[in-house]
Amino acid sequence: MAEQTGPEIRDDRAAGRLSAYEGGEAVGVVAYFVMDGEPVGLVAVHTVVEPGHEGKGIGGALVGEFYAMAGREGVPVVPLCPYAAKWATRHPDDAPGVPDELVERAKTQLATHPELY
């Protein structure tokens with residue numbers, strides 16, 4: 001069995017949190033929501049890595065897993081989070097672009113539901 005080299009990543013869909021853990025300690029998170037309407041999409045709104053854990057690839061591992069999760073579900077990712085958007089431009093093979101109309105729908109949903117942030 002291969003040894004895990006990165007953080008353990010857990011999805012809490014109900015809370016809209018994809019969290020990274022090292023040694024049982026939460027060290028990073030992607031806050032997200034599922035878009036209303038059709039087509040459904042996963043919207044990354046904020047990526048945070050805890051102080052003292054920056055520079056270890058945790059943010060990249062989280063966003064990479066977020067895109068992989070969306071891919072497994074067959075839904076697009078709308079990266080409203082600046083970090084996720086930057087990661088997507090650096091990893092175009094892993095982060096397909098999304099139509100502008102989905103981006104606008106995600107922004108509207110976030111603006112009308114600030115609790116999603």
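A salt bridge here is a side-chain nitrogen of Lys or Arg within 4 Å of a carboxyl oxygen of Asp or Glu. By that rule, the side chains of Asp 11 and Arg 13 meet in a salt bridge, with 3.7 Å from N to O. What you're looking at is a predicted model, where local features need pLDDT of at least 70 and side-chain atom pairs count only at pLDDT 80 or more, while totals for chains, interfaces and linings use all residues. Residues are numbered from 1 along each chain as its sequence is written, and side-chain values use heavy atoms, with hydrogens and water left out.

## Salt bridges

Let's stay with the charged pairs for a moment. The structure holds six salt bridges, and three of them are set out here.

| Salt bridge | N to O distance |
|---|---|
| Glu 8 and Arg 10 | 2.9 Å |
| Asp 11 and Arg 13 | 3.7 Å |
| Lys 107 and Glu 104 | 3.9 Å |

Are these residues tucked away or out in the open? The terms first: buried means under 20% relative accessible area, exposed means over 50%, and partly exposed is in between (1.4 Å probe, protein chains only). Glu 8 comes out as partly exposed at 36%, and Arg 10 is partly exposed too, at 38%. Asp 11, at 35%, counts as partly exposed, as does Arg 13 at 33%. For the remaining pair in the table, Lys 107 has a relative accessible area of 42% and is partly exposed, while Glu 104 is partly exposed at 46%.

As for Lys 107 and Glu 104, they sit three residues apart in helix 3 (residues 100-112), so about one helical turn separates them.

Helix 1 covers residues 58-73, which makes 16 residues. The expected span of a helix is 1.5 Å times one less than its number of residues. For helix 1 that gives 22 Å, and the end C-alpha atoms are 22 Å apart, which agrees. Just after helix 1, Gly 74 takes a positive phi of about 70°.

Which residues of helix 1 are buried? They are Ile 58, Gly 59, Gly 60, Leu 62, Val 63, Phe 66, Tyr 67, Met 69 and Ala 70. The cover over them includes strand 1 (8-12), strand 2 (17-22), strand 3 (25-34), strand 4 (42-49), strand 5 (77-79) and helix 2 (82-90). Contact, by the way, means heavy atoms within 4.5 Å.

Now for how helix 1 meets helix 2. Two packed helices are described by the angle between their axes and the distance between the axes. The axes of helix 1 and helix 2 come within 10 Å and cross at roughly 75°. Axes are lines fitted to C-alpha atoms, for helices over the stretch in contact, and angles run from 0 to 180 degrees between N-to-C directions. Helix 1 is therefore roughly perpendicular to helix 2, a label that covers 65 to 115 degrees (under 35 is roughly parallel, over 145 roughly antiparallel, and the rest oblique). On the helix 1 side, the contact is made by Gly 59, Gly 60, Val 63, Gly 64 and Tyr 67, and on the helix 2 side by Tyr 83, Ala 84, Trp 87 and Ala 88. The contact residues divide into six nonpolar, three polar and no charged. In that count, Ala, Val, Leu, Ile, Met, Phe, Trp, Tyr, Cys and Pro are nonpolar, Asp, Glu, Lys and Arg are charged, and the others, Gly among them, are polar.

## A few residues to look up

Leu 18 sits in strand 2 and is buried, with a relative accessible area of 1%. Leaving aside neighbours within four places in sequence, Leu 18 is in contact with residues including Ile 9, Val 30, Leu 62, Phe 66 and Met 69.

Gln 109 belongs to helix 3 and is buried as well, at 9%. Not counting residues up to four places away in sequence, Gln 109 touches Phe 33, Val 34, Met 35, Asp 36 and Leu 116.

Gly 57 lies in the loop between strand 4 and helix 1, and at 46% Gly 57 counts as partly exposed.

Last, have a look at Pro 39, in the loop between strand 3 and strand 4. A cis peptide bond joins Glu 38 and Pro 39, with omega about -5°. Most residues other than glycine have a negative phi, and most peptide bonds are trans.

Notes. Helices (H or I, at least four residues) and strands (E, at least two) are DSSP runs, numbered from the N terminus.
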